[in-house]
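This report describes a single protein chain. Please view the sequence and the model together.

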Amino acid sequence: LEMMAGGSGTHATTSTEEKRPPLRLVSVVAGGGGGNGAVVRLTEDEAMETGTVKFGVFKTYIQNVGTFATLVIFVMFALFQLSSVLGNVWLSKWTGDQQIESGNITATQLMEKNRMYLSVYGALGAAQALFVLIYACVGALRMVTAASTMHSAMLDRVLKAPMSFFDTTPVGRIVNRFSRDVETLDNQLPQIIFMWIMCVFSVLATLVVISVNTPLFAGVIVPLLLAYLAIQ
């Protein structure tokens, strides 16, 4: 009513609002006997984990992916590496066939041998493709499900958090958890896991092949492994 009438009360209210200091998110802690208070921040610094990733983090992610699905992924990748190694061994056997190299073979026998070698080699190649398809599909589907489950759990925790959490946590920090971290779960983490699995099984397959062809190398693996762990 005063604003509509243009009275002096309007000017007084406007003057008071102009002189009002900006709001700050602070907490006043009672001081000593004099009644003075100390102004401290309500917002806390963001805590960040440093060093190696704890096993509990991987355990939580595996539980969200699914223990059975994780086992299927590892088994399929192991079978893929096995079929890949067998394919190389079979190709070496094919190219080193003494009867074919000597030329002491009829055209019919040569055709039958080549057909046999080619059939086995093709079957091993088809097996590799099948194993890759299975672990890629299972991994992609289950990792998307895991990311969705963890996102829902995080959203549920935030929605049920007390008001003190929102008073002490900046909005930008919460948004980062739902944007950057979720993007890591959706895109980067699955790629890193697949690369890690591929590297592990490739190294194991290489060590096995070298150890079979050169048994003395098996005695060097353990010292090399210890040296690698020490350097890492």
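## Basis

This is a predicted model, in which local features need pLDDT of at least 70, side-chain atom pairs count only at pLDDT 80 or more, and totals for chains, interfaces and linings use all residues. Residues are numbered from 1 along each chain as its sequence is written, and side-chain values use heavy atoms, with hydrogens and water left out.

## Whole chain

The protein chain has nine helices and two strands; these are DSSP runs numbered from the N terminus (helices H or I, at least four residues; strands E, at least two). Their order along the sequence is α-α-β-β-α-α-α-α-α-α-α.

Of the 232 residues, 18% are buried, where buried means under 20% relative accessible area (1.4 Å probe, protein chains only). The accessible surface comes to about 17200 Å², with 67% of that area belonging to carbon and sulfur atoms; areas come from the Shrake-Rupley method with a 1.4 Å probe, and for residues only the protein chains shown count as cover. Among contacts (heavy atoms within 4.5 Å) between residues at least 6 apart in sequence, 63% join residues at least 24 apart.

Ile 73 is located in helix 4 and is buried, with a relative accessible area of 4%. Apart from neighbours within four places in sequence, Ile 73 contacts Tyr 135, Val 138, Gly 139, Phe 194 and Ile 197. The C-alpha atoms of Ile 73 and Val 138 are 7.0 Å apart, although 65 residues separate the two in sequence.

Ser 83 also belongs to helix 4, which covers residues 67–95. Ser 83 is buried, at 5% relative accessible area. A polar atom of the Ser 83 side chain lies 2.8 Å from the backbone oxygen of Phe 80. Beyond its neighbours within four places in sequence, Ser 83 is in contact with Leu 124, Gln 128 and Phe 131.

## Helix 3 against helix 6

Helix 3 (residues 55–65) packs on helix 6 (residues 107–159) at an angle of about 110 degrees, with the axes 8 Å apart. Helix 3 is therefore roughly perpendicular to helix 6, a term for angles of 65 to 115 degrees. Axes are lines fitted to C-alpha atoms, for helices over the stretch in contact, and angles run from 0 to 180 degrees between N-to-C directions.

Tyr 61, Asn 64 and Val 65 of helix 3 make the contact with Arg 142, Met 143, Ala 146, Thr 149 and Met 150 of helix 6.

Notes
Buried means under 20% relative accessible area, exposed over 50%, partly exposed in between (1.4 Å probe, protein chains only). A polar contact is a pair of N or O atoms within 3.5 Å; within protein, one must be able to donate a hydrogen and the other to accept it, and residues adjacent in sequence count only if both atoms are side-chain atoms. Angles under 35 degrees count as roughly parallel, over 145 as roughly antiparallel, 65 to 115 as roughly perpendicular and the rest as oblique.
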